[in-house]
Amino acid sequence: MNDICIRMENVYKEYTVADVKVQALNNVSFSVKKGEYITIMGPSGSGKSTLMNMIGCLDKPSGGIVEIGGKNTATMNEKELAFLRNRTVGFVFQQYFLLPSMTVLENVMLPLRYQNLDRSESRRRAIAALEKMGLQDRMKHTPNELSGGQKQRVAIARATVTEPQIILADEPTGALDSETGRNVLELFKQINKGGTTVIIVTHDANIGADSPRQICILDGKIIKDGKD
């Protein structure tokens, strides 16, 4: 069991919208081994965003077990969840979510603030993360001075600078042209080769077809888990 970094068992999630109960996840069970590369696929409203929020410790299940890094998130308070998010999961989003008033280097240093590192060590690690992304000549720039592909590489550097067990990417190529998108996916593959678990949430069938494992979700249920 110590090679399992994500475990979900009979997970369901229910929301109430205008007095109507909506079941976003329905009896979902699966596990992910350390170092896997997975795509989670499904159309809008399928439950994949809710599933992503469970993996990212951004939400708790209404029932069932969600274990991230061997810890049951349902029993954790918000402070404990924030700590787990910072140490275990790195997030990459379609819209980057870089702070426009900060330089590229400052954006990448930001998650290290919560690890009580001194500024010189934070700076050293952020520079190293940016160098891996080929952005050493953009560190003093602000996000609005970058292309879309450069912004996404900054976001990947920020996600990896804490050396998380899991990288969770939500539609990471959705705002990029096809060539830049392929380059970004290649970066995720390189990160995965280093031993980091990579999970990409997408509706793009081409990305899923290029993945060793696909988890397809529809109406809150897993309808496929494997590879064609």
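Mentor: Start with a term: two strands pair if DSSP finds at least two bridges between them. Strands (E, at least two residues) and helices (H or I, at least four) are DSSP runs, numbered from the N terminus. This is a predicted model, where local features need pLDDT of at least 70 and side-chain atom pairs count only at pLDDT 80 or more, while totals for chains, interfaces and linings use all residues. Residues are numbered from 1 along each chain as its sequence is written, and side-chain values use heavy atoms, with hydrogens and water left out.

Trainee: Fine. How many bridges join β1 to β4, and which way do they run?

Mentor: Five bridges connect β1 (residues 4–17) with β4 (residues 63–68), and the two strands run antiparallel.

Trainee: What is the order of the strands in the open sheet?

Mentor: The order is β2-β1-β4-β5, four strands with antiparallel pairing. β2 (20–33) and β5 (71–72) each have a single partner strand, so one side of each has no neighbour in the sheet.

Trainee: And how many bridges do β4 and β5 share?

Mentor: Two, in the antiparallel sense. Their hairpin has two residues between the strands, and Gly 69 there takes a positive phi near 60 degrees.

Trainee: What does Arg 7 stand opposite in β4?

Mentor: Glu 67. Arg 7 and Glu 67 also belong to a network of salt bridges together with Glu 9. A salt bridge here is a side-chain nitrogen of Lys or Arg within 4 Å of a carboxyl oxygen of Asp or Glu.

Trainee: Is Lys 13 buried or exposed?

Mentor: Lys 13 is buried, at 10% relative accessible area. Buried means under 20%, exposed over 50%, and partly exposed in between, with a 1.4 Å probe and protein chains only.

Trainee: Next one. What is the distance between Lys 189 and Asp 210?

Mentor: Their closest N and O atoms are 2.4 Å apart, in a salt bridge. Lys 189 is in helix α6 (residues 178–193) and Asp 210 in the loop between α7 (205–209) and β9 (213–218), 21 residues apart. Lys 189 is partly exposed at 24%, and Asp 210 is partly exposed at 44%.

Trainee: Which residue does Asp 225 form a salt bridge with?

Mentor: Arg 213, with the closest N and O atoms 2.8 Å apart. Asp 225 belongs to strand β10 (residues 221–226) and Arg 213 to strand β9, 12 residues apart. Arg 213 is buried at 13%, whereas Asp 225 is partly exposed at 39%.

Trainee: Changing topic: where is Arg 113, and is it buried or exposed?

Mentor: Arg 113 lies in the loop between α3 (104–109) and α4 (119–132). Arg 113 is exposed, with a relative accessible area of 57%.
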